[in-house]
Amino acid sequence: MTPPEPFAAEIVHTPVRHHILSVLVENKAGVLARIAGLFARRGFNIYSLAVAPAESDARFSRVTIVVDAESAPLEQIVGQLDKLVNVVAISDLAPRDALERELLLASVPVLDSDTRARLLDTIANAGAAIVDVDASAVTVMLTGTPSACDDLERSLESFPGVELHRTGRVALPRLGRTATA
Amino acid sequence: MQLTGAQALIKSLEQQGVETIFGLPGGAILPVYDPLLDSPIRHILARHEQGAGHMAEGYALATGRPGVAMVTSGPGSTNIVTPIGNAHMDSTPLVVITGQVATTSIGTDAFQECDITGITMGITKHNFLVQSAQELPRAVAAAFHLATTGRPGPVLIDVPKDVSQSMMEWWYPETLEELDLPGYHPTRDLDEEAVARAVQLISRAERPVLYVGGGTLKSGASAALLAFAEATRMPVVTTLMARGAFPDSHDQHLGMPGMHGTYAAVTALQRSDLLVALGARFDDRVTGRVSAFAPGASVIHVDIDRAEFNKIRHADVTLQTDVGTALAALGDAGATPAPLDAWWREIRAWRAQYPLTYDEPVVDGPLRPQHVIEAIAQRAEPGTIVASGVGQHQMWTSQFWRFDEPRTWVNSGGAGTMGFGVPAAIGAKVGRPDRAVWCIDGDGCFQMTAQELVTARAERIPIKVAILNNAYLGMVRQWQEMFYDERYSEVYLSADLPDYVKWAEAMGCVGLRATNVKEMADVIDEANAINDVPVVIDFRTDTSEKVFPMVAAGASNDDIMVHPSQRGGAR
Ligand SMILES: Cc1ncc(C[n+]2csc(CCOP(=O)(O)OP(=O)(O)O)c2C)c(N)n1
Ligand SMILES: [Mg+2]
């Protein structure tokens, strides 16, 4: 039996027309389902979604949603999201005003010295780090901009059997810029 | 004071001023039905949970107060999904209480377990799964607050059986803070700058139209609308959801716009240079093909829900507030258009050339459905409330009944739910026992929820039901006739099966039948003389009648088809 082709599915890289919504929500059961359900039923596309407890207050969580502003006007997305009773505040970050970071982890099988050399090269070029090693594989980590992660992901595609995960981005306004509420 | 969760739930409903609950008990909600026996709240035992839900909607539409329904878990809860969805589409304030299996059983596929909060997530304004008895008062108070403020809508409270059975220390929220809704801010300060820009647009308009939607009724803004319309002399159209918001008898009223709207209303919107949309949402049944809708018009959009802005149609000015507040602000700011004489001359010509019409009644029957509606309306006491199902009979009722008062039209707009009419009429009559209530129903619709007439008889709710019996799923038949080469697929029902008179009698109602014009007048008088039990009249109507005017689905409103008798001349 042949193993499934890695990355057989098309990788969708984030296009330029994305927006980052930083959404403060009540920390209640089902809130993520409400958000996901809203996006699904209104046909809004999500590129990534990251959730974490809000810094200041245990009652709230912060959800960072990267939305496709082609799939629907941003005004619609924000207006509908705002109607969810558990959504407390929404701020919209245009990519140029945002500091965005994402984490990528990849395990790469390394069976020969050629591959090892090529991988070390790739890691060095990307500014990534090695976080785990054993006799047959290396685990690589990159914390960086989404496009740096895109680049590394593309480079790693050429290594057979690679297993790769990304967290989706978190974002804050650049210092001196503000998000629009 | 220690109470059970069930007692606290009922007491919370009393605190909210609830007078009537429409419902049907079962295992998971059983604990709550016990303290109901000791409560002054009236419970109306529906024969199907869908009936209970539509009754609550009819109650809400006729009174402006939230309707309350209570059902059990599992199938009880799924049976009320249709009314919840209907209320969501029409922004009707509803509080629905469902029983749920015990918290300890949730997630185990227990008997009659069903994830009703998950199912209704997309068709409620909000829903709650209550986790403890102590939380019940807050959930009830929050549900009523959410259902009735901002853009109204249905709210569901799911109450696990162990929650209603456990003890709590009685309390009730006294402030909005205690409702713990940090993300809910339904009202905004009025944007004075937007008001100024709206005034400017109005002052420049030569062909303005007040496009009045259901939000005007929700806002209780009929009087404000009348004052504003008369001050500005602007023509008014009222959507299906807004019938009654402005008197049909008023000279400035052009009637209903949209797919089956009047020629004058549809065409005035098309030719207008300024639409003032008041709690209206540019529904596809109003706009026809959106790209061809009112191509020369600027838009002032007033809505309490900002998500309606620029959703379908770009707005030049948006005012996020309720219609009454907006009209008061525009009035105070002295919004007046240019003299509208030329515009009115055009409109009057359309109105004169293409009034609503139908073929001459035939003396020996079959009856013209429009004639039946006019005959009932003529003989109805002032202030009569009329409900309907969904189909041709609904459109004819909207066209030919004369609405002169808000909250006298009870119908299913956004969802178009067949079977809405009978239970909604019952709910309306419960809410307004002082008013006569007619349901103009279709034969198809009647068969979906007729069993609620048993409820009406048992509870002494004397509504009157007129079945416009055309032996068909008439609206579908009309589309098959016009757009599918008269290939009739699964639309025939039969005029005689069931026998509606016998069925009515079996349900404890008076059953009457009219097959010609003479009988028609007699049975209406007979029905009007009966005030203690429900009456059902089987009106045998002409199968081939179609609803006109009509704009075909997806067509431009410019391509409106008028009644055949009005065709031929220049349009
Ligand atoms: C629950 C539901 N099922 C199907 C439809 C589609 N539908 C719309 S109108 C109609 C026919 C209604 O028939 P009837 O009640 O006899 O009214 P008529 O059009 O004949 O006046 C149908 C089937 C609907 N609106 N609702
Ligand atoms: Mg019919």
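Domain bounds here come from an automatic or database domain assignment. The model we will work through is predicted.

**Exercise 1.** Describe how domain 1 of chain B meets domain 3 of chain B.

*Solution.* Let's start with the layout: chain B is assigned domain 1 (2-179), domain 2 (192-353) and domain 3 (369-540). Taken over C-alpha atoms, the centres of domains 1 and 3 of chain B lie 30 Å apart. Next comes the contact, where 26 residues of domain 1 of chain B meet 29 residues of domain 3 of chain B. Together these two domains bury about 2,000 Å², with 61% of that on carbon and sulfur atoms. On the domain 1 side, B:R47, B:L61 and B:A62 lose the most area, together 27% of what that side buries.

**Exercise 2.** Find the salt bridge across the interface of domain 1 and domain 3 of chain B, then say which element gives the largest share of the domain 1 side.

*Solution.* The rule finds 1 salt bridge across this interface. Now look at B:R42 and B:E459: their side chains form a salt bridge at 3.6 Å, N to O, so the pair falls inside the 4 Å cut-off. For the elements, β2 (20-24), β3 (42-45), α3 (49-63) and α5 (81-89) of chain B each give two or more residues to the domain 1 side. The largest share, 11 residues, belongs to α3(B).

**Exercise 3.** How many salt bridges cross the interface of domain 1 and domain 2 of chain A?

*Solution.* Chain A splits into domain 1 (18-98) and domain 2 (99-171). Between them about 640 Å² is buried, and the rule finds 0 salt bridges.

Notes. Residues numbered from 1 in each chain as written. Chains lettered and ligands numbered in written order. Predicted model: local features only at pLDDT ≥ 70, side-chain atom pairs only at ≥ 80, totals over all residues. Heavy atoms only, no water. Buried area = accessible area lost by both parts, 1.4 Å probe. Contact = heavy atoms within 4.5 Å. Helix = DSSP H or I, 4+ residues; strand = E, 2+ residues; numbered from the N terminus.
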